[in-house]
Amino acid sequence: MNAWEAALDRYARWNALLEMLTEDGRVSVEEAADRLAVSHATIRRDFDQLAQQQMITRTRGGAVASGVSYDLPLRYKTAKHSAEKQRIGAAAAALVTPGMVVALNGGTTTTEVARALAVRPELTGHVDDAQLTVVTNALNIANELLVRSRMKIVVTGGIVRPQSFELVGPLGSAVLGEVTFDIALLGADAIDVRLGAAAHHEGEAGMNALMVARARRVVIIADSSKLGAHAFARICAIERVDTLVTDNGAGPDRIAEFEAAGVHVICA
């Protein structure tokens with residue numbers, strides 16, 4: 001195993017540990033080692049490293065959750081629902097046609113959207129006659145598109161959030177206030193038929209809300225684990241959402257709720 005593969009394994013393990021702590025509040029070294037099929041020494045080392053990053057609180061024989069674990073940094077999320085997110089990304093990218101101006105926010109699922117867009121040759125052109133314009137507040141998504149295609153890429157200004165690589169704040173708001181979008185493809189931490197789409201961080205939610213306000217069509221991209229969930233800061237009301245792209249883990253009752261609210265649901 002090379003260093004890159006080892007890092008991915010470590011991030012996947014950290015993600016699993018943080019999910020355990022989110023669900024249970026407290027996890028012992030023995031329990032974590034049994035559930036992840038690794039040694040006690042590995043779990044102790046993982047707990048120590050997560051505690052150094054102030055993502056958990058270390059205890060004698062285990063760890064307890066801290067609030068930070070609810071907003072897991074993007075680089076630790078790649079292993080979670082990865083197959084579903086790839087299918088969702090492809091389905092959302094299929095909604096884009098040549099000549100559109102597209103808004104994309106940050107997140108693992110919208111990263112998959114960007115990757116799916118980048119490999120569609122009919123969407124790309126020369127720098128001076130780009131067939132697709134993408135406006136994003138996520139540095140990693142701009143990079144994905146820049147190195148793989150010749151689309152016109154516009155990046156908003158703002159302050160970078162290390163957790164998500166997204167730019168937030170009034171510098172970005174000024175840019176978004178001057179552009180319009182044919183379609184906004186937005187990842188969300190939660191979407192509910194009563195409360196609408198939401199994000200954990202208020203700065204990200206604010207930038208996403210501006211994208212919604214400037215878009216003719218709003219598409220929320222969320223795996224089934226986020227349906228019916230709640231998050232701190234609202235992006236938009238459900239009435240503003242035209243389409244929801246999710247995975248086939250969404251139950252028929254949940255899908256029916258969104259359709260009854262006027263949202264077209266695509267299950268990838």
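Two strands count as paired if DSSP finds at least two bridges between them. I keep that in mind for the first entry. The model is predicted.

**Entry: the sheet edge**

I looked up which residue stands opposite Val-245. Val-245 faces Ile-266 in E15. I then checked the pairing of strand E14 (residues 243-246) with E15. These two run in the parallel sense and share 4 bridges.

**Entry: the whole sheet**

I traced the strand order next. The sheet is open, has 7 strands and reads E6-E5-E4-E9-E12-E14-E15, with parallel pairing. Strand E6 (152-155) and strand E15 (264-267) are the edge strands, and each pairs on one side only. Neighbouring strands are turned by 20° against each other on average, with direction ignored.

**Entry: helices on the sheet**

I asked which strands helix H4 (residues 82-93) touches. H4 packs on the sheet and touches E9, E12, E14 and E15. The direction of H4 makes about 150° with that of E14. H8 also packs on this sheet, where it touches strand E4 (101-104), E9 and E12. Between the directions of H8 and E9 I noted about 155°.

**Entry: helix H8**

I checked the length of helix H8 (residues 202-213). Its 12 residues should span 16 Å at 1.5 Å a residue, and the end C-alpha atoms are 16 Å apart, so the two agree. Buried in H8 are Glu-204, Ala-205, Met-207, Asn-208, Met-211 and Val-212. They lie on the same side of H8, because they cover an arc of only 165° around the axis.

**Entry: the nonpolar cores**

I opened the largest nonpolar core, which has 31 residues. Ile-191, Ile-220, Ile-235, Leu-244 and Phe-258 touch the most other members. Elements that each supply at least two residues include strand E9 (183-187), strand E13 (233-236) and helix H9 (252-260). H8 gives the most, with 4 residues.

Leaving aside neighbours within four places in sequence, its contacts include Gly-187, Ala-198, Ala-205, Asn-208 and Val-212. A second, separate core has 27 residues, among them Ala-114, Ala-118, Ile-141 and Leu-145.

**Entry: helix H3**

I ran the length check on helix H3 (residues 40-52) too. H3 has 13 residues and reaches 18 Å from first C-alpha to last, close to the 18 Å expected at 1.5 Å a residue. Thr-42, Ile-43, Asp-46, Phe-47 and Leu-50 are buried in H3. Their arc around the axis is only 135°, so they sit on the same side of H3. Just after H3, I found Gln-54 with a positive phi of about 60°.

Key: Residues are numbered from 1 along each chain as its sequence is written. This is a predicted model: local features need pLDDT of at least 70, side-chain atom pairs count only at pLDDT 80 or more; totals for chains, interfaces and linings use all residues. Side-chain values use heavy atoms; hydrogens and water are left out. The expected span of a helix is 1.5 Å times one less than its number of residues. Buried means under 20% relative accessible area, exposed over 50%, partly exposed in between (1.4 Å probe, protein chains only). The arc is that of the directions from the helix axis to the C-beta atoms. A nonpolar core is a set of buried Ala, Val, Leu, Ile, Met, Phe, Trp, Tyr and Cys residues joined through side-chain atoms within 4.5 Å. Contact means heavy atoms within 4.5 Å. Axes are lines fitted to C-alpha atoms, for helices over the stretch in contact, and angles run from 0 to 180 degrees between N-to-C directions.
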